[in-house]
Amino acid sequence: MKGMGLMPQQRRKPMAEINVVPYIDVMLVLLIIFMVTAPMLTQGVKVDLPETTSEPIQQEQDVEPITVSVDSNGAYYLEVGDERGNPISLPQVRDQVSKILSQRSNAEVFVRGDEYVDYGVVVRLMAELQSAGATGIGLITDAPDNKQ
């Protein structure tokens, strides 16, 4: 049978290369999707923060802060993590913050007060937050523009 013209079988070597082009295509598509959707995820209450120079507050990475916003009309908004809701009353703010602080005593509490809101509205909010159990309350401001 050797003389019948059959070629000896050639053994193929395993290919040790990985084709990464499809992975790069998928990665670029995901990058574009994230770049388009990321600005849409930013939500919150429109507040004109007062501008001042201050040092940033160092916060723990694992603990999500509690942020209470006061808009220019004096309405209160409670923001915990990604949850942002409708305006709530001052007693509701106290009750909800008290419940959150009873579960997570090391949670930080911040106040975002509109620049044009009455000073008394922010002071009453801070008093209610203290009665809810917040030991330290941070005030959020914007950095001033140095375009003089």
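**Group meeting: a walk through the predicted model**

Let's start at a turn: strand 1 and strand 2 form a hairpin with five residues between the strands, and in that hairpin Gly-74 takes a positive phi near 90°. When I say strand or helix, I mean DSSP runs numbered from the N terminus: E for strands, at least two residues, and H or I for helices, at least four.

Some housekeeping. This is a predicted model, with residues numbered from 1 along each chain as its sequence is written. Local features need pLDDT of at least 70, side-chain atom pairs count only at pLDDT 80 or more, totals for chains, interfaces and linings use all residues, and side-chain values use heavy atoms, with hydrogens and water left out.

So, confidence. pLDDT is the predictor's confidence in each residue, from 0 to 100. The chain has a mean of 78, with 73% of its residues at 70 or more.

Buried here is under 20% relative accessible area, exposed is over 50%, and partly exposed is in between, using a 1.4 Å probe and protein chains only. In a regular strand, side chains alternate between the two faces of the sheet. Here both faces are covered: Ile-66, Val-68 and Val-70 are buried on one side, Thr-67 and Ser-69 on the other.

Which strands does strand 1 pair with? Pairing takes at least two DSSP bridges between two strands. Strand 2, residues 76–80, runs antiparallel to strand 1, joined by five bridges, and Val-68 stands opposite Leu-78 there. Strand 4, residues 109–113, pairs with strand 1 in the parallel sense, also over five bridges. In strand 4, Phe-110 is the bridge partner of Thr-67.

Let's stay on Thr-67. Its relative accessible area is 10%, so it's buried. Leaving aside neighbours within four places in sequence, Thr-67 is in contact (heavy atoms within 4.5 Å) with residues including Tyr-77, Glu-79, Arg-112 and Ile-140.

Two of those names come up again. Arg-112 and Glu-79 form a salt bridge, with the closest N and O atoms 3.7 Å apart. By salt bridge I mean a side-chain nitrogen of Lys or Arg within 4 Å of a carboxyl oxygen of Asp or Glu. Arg-112 lies in strand 4 and Glu-79 in strand 2, so the pair ties together parts 33 residues apart in sequence. Both Arg-112 and Glu-79 are buried.

The count of salt bridges is three. Arg-94 pairs with Asp-95 at 3.9 Å between the closest N and O atoms. Arg-94 is partly exposed because its relative accessibility is 28%, and Asp-95 is partly exposed at 40%. Glu-128 also forms a salt bridge with Arg-94, at 2.5 Å between the closest N and O atoms. That pair links distant parts of the chain, with Glu-128 in helix 3 (residues 119–131) and Arg-94 in helix 2, 34 residues apart. Through shared partners, Arg-94, Asp-95 and Glu-128 join into one network.

Last stop, the surface. Tyr-23 sits in helix 1, residues 21–41, and counts as exposed because its relative accessibility is 58%.
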